[in-house]
Amino acid sequence: MRQWGFVYLAEGCDPARDVSRVDTGRCLTVLIGVGRVDQVVAAARRLVDEGAQLIELCGAFGPVWTARVIEVVGSEVPVGSVLYGAEATKQLHDLFGA
């Protein structure tokens, strides 16, 4: 793999501005921050259009938005998402509230 992308959700992020690239010389990782869940589809499409061979999504998008990204990206690249186990429920609640 020579390029992949990760989309994360964080308050105040703007996908036009909040883009980071980590290039090891062998693999380019592109991270895009979005401020709203509905921005994930366009961000993922952008990553694929710019050469990403794999997309990973922050766990905040959940299965609904992950499915929407898969619908748009189709079979072009694999799409995965971060999941948290039940053991993380208290910590997540402490971080993000009810």
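Q: Why does V30 count as buried?
A: In this predicted model, V30 has 2% relative accessibility and therefore counts as buried, the term meaning under 20% relative accessible area, with exposed over 50% and partly exposed in between (1.4 Å probe, protein chains only). Residues are numbered from 1 along each chain as its sequence is written, and side-chain values use heavy atoms, with hydrogens and water left out. Local features need pLDDT of at least 70 and side-chain atom pairs count only at pLDDT 80 or more, while totals for chains, interfaces and linings use all residues.

Q: What does V30 touch, not counting residues up to four places away in sequence?
A: Contact means heavy atoms within 4.5 Å. V30 touches Q3, W4, G5, F6, V19, S20, R21 and L47. The C-alpha atoms of V30 and Q3 are separated by 7.7 Å, although the two residues are 27 apart along the chain.

Q: What makes β3 mostly covered?
A: Six of the seven residues of β3 are buried. V30 has its place in this strand; strands (E, at least two residues) and helices (H or I, at least four) are DSSP runs, numbered from the N terminus.

Q: How many bridges join β1 to β3, and how many join β2 to β3?
A: Two strands pair if DSSP finds at least two bridges between them. Seven bridges join β1 to β3, running parallel, and five join β2 (residues 19-23) to β3, running antiparallel. L28 in β3 stands opposite Q3 and is also the bridge partner of D23. β2 and β3 form a hairpin with four residues between them, and G25 in its turn has a positive phi of about 95°.

Q: Which residues of helix α1 are buried, and why are they said to line one face?
A: In α1 (residues 40-49), V40, V41, A43, A44, L47 and V48 are buried. Seen down the helix axis, these buried residues fall within an arc of 165°, so they line one face of α1; the arc is that of the directions from the helix axis to the C-beta atoms. The face turned away from the buried side carries the exposed residues A42 and D49.

Q: What covers the buried residues of α1?
A: The cover includes β1 (3-9), β3 (28-34), β4 (55-57) and α2 (62-73).

Q: Which residue with a positive phi follows α1?
A: G51 follows α1, and its phi is positive, near 110°.
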